[in-house]
Amino acid sequence: MSACRESVLGYSSTTPSKGNFVLSDDLLQLAPLSDSAAVRQLIAAGVPAAEARADVVALAAHARRVGRPGEFERLIACRAERVPLSHLLGSTTFRGITLRVGPGVFSPQPETSSMVQWAVDRLRTQPAPLVVDLCTGSGTVALALANELSSATVHAVERDSQAFAWAQRNAEERARAGDTPVLLHLGDAGSCLPDLDGQLDMVISNPPYVALHEAHVPDVEVVKHDPGIALWAGADGLDVVRDVERTAARLLKPGGLVVVEHSDRQGATAPAVFTATGAWEDVQDHVDHEGLDRFVTARRIA
Ligand SMILES: C[S@@+](CC[C@H](N)C(=O)[O-])C[C@H]1O[C@@H](n2cnc3c(N)ncnc32)[C@H](O)[C@@H]1O
């Protein structure tokens, strides 16, 4: 672990990060920094220009709160090493909730919100839906659902113990904030929750889905700093999607819904995982907020 990453571990902040970045009045006072040498340093390191400006403002605000001499320069140096902004700030926002993130857990991405919106629209019409989020990471999807659907019972499953620890922390914070508590399980998406077979209304998942030969496709900071278990999923990137399909077929009640995120290169292959097994009807693929193929949905045959 580099000195840069080690020092990130101790951080605690509620500052929003990129993706859902909001310029508060406080941050706007720091706007002149957006033309600074720090921005040029980040752009030279490969951070996209629009992001670099917002990152410098956010890191300047964070350094000011920390109040340690040299903190701003240290944070910029870390960001130039492509440590994700959310790790440097210690948190990110997803659909309005703050999630603690750092080394060992996947940084929640804005495109996942499209899948969650689809799920919220369907679950809202049910009086007390029973849901599971497979591959929960920091708790992203499960905690957003619990925040927006107070009558839902939401389970969440994560295989990696480091990510699970972040999910536990976030779940405790959201429960303290008044959300319905999420029920967390350390386990595998392929074999979890046998006691709930045939009982669930929805299975939702943003699993790992990058094919092993696609190492060049994700952003360099994703490959360098997100855990491998969060990214790679076999020769075609669909190994865990196939596990999720099998588990969803087992857990859902007849007529129950499954929704699974995939890459923008899997708009045909991910739905094919569902049409191939004969367990599903109404298999559809959907685009995200940028119009890119992003998630598949299907209904368990009654
Ligand atoms: C792409 S990340 C997404 C995390 C979270 N759903 C989100 O949207 O921020 C995938 C997550 O799946 C977890 N994972 C990978 N394989 C798994 C498996 N077989 N069972 C359960 N979780 C798994 C990884 O540890 C990682 O946290």
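A residue is called buried if 20 or more other C-beta atoms lie within 10 Å of its own, exposed if 12 or fewer do, and partly exposed in between, with the C-beta atoms placed from the backbone. By that rule, 47% of the 302 residues of the protein count as buried. This is a predicted model, in which local features need a pLDDT of at least 70 and side-chain atom pairs count only at pLDDT 80 or more, while totals for chains, interfaces and linings use all residues. Residues are numbered from 1 along each chain as its sequence is written.

**Confidence**

- The predictor's confidence in each residue, called pLDDT, runs from 0 to 100, and the protein averages 90, with 88% of the residues scoring at least 70.
- Over residues 5-23 the pLDDT stays under 50, and for this stretch the model has 47 contacts beyond four places in sequence, where a contact means that two C-beta atoms, placed from the backbone, lie within 7 Å.

**Overall fold**

- Among contacts between residues at least 6 apart in sequence, 69% join residues at least 24 apart.

**Nonpolar cores**

- A nonpolar core is a set of buried Ala, Val, Leu, Ile, Met, Phe, Trp, Tyr and Cys residues joined through C-beta atoms within 7 Å, and the largest one has 63 residues, with V131, L145, M202, V203 and V259 having the most contacts inside it.
- Helix α8, covering residues 140-148, gives the most to this core, with six residues.
- Leaving aside neighbours within four places in sequence, V203 is in contact with V132, L134, T247, A248, L251, L252 and V258.
- A second, separate core has 20 residues, and A54, L75, V83 and L88 are among them.

**Strand β9 and its partners**

- Strand β9 (residues 293-300) is largely enclosed by the rest of the structure, because six of its eight residues are buried.
- Two strands pair if DSSP finds at least two bridges between them, and five bridges join β9 to the antiparallel strand β7 (residues 252-261), where V258 has A298 as its bridge partner.
- Strand β8 (residues 280-287) also pairs with β9 in the antiparallel sense, over six bridges, and here D285 stands opposite V296.
- The hairpin formed by β8 and β9 has five residues between the strands, and G291 in the turn has a positive phi of about 80 degrees.

- Most residues other than glycine have a negative phi.
- C135, in the loop between β3 (130-134) and α8, has a positive phi near 70 degrees, and C135 counts as buried because 28 C-beta neighbours lie inside 10 Å.
- R82, in the loop between α5 (71-80) and α6 (85-89), also has a positive phi near 70 degrees, and R82 is partly exposed, with 18 other C-beta atoms within 10 Å.

How values were computed
Helix = DSSP H or I, 4+ residues; strand = E, 2+ residues; numbered from the N terminus.
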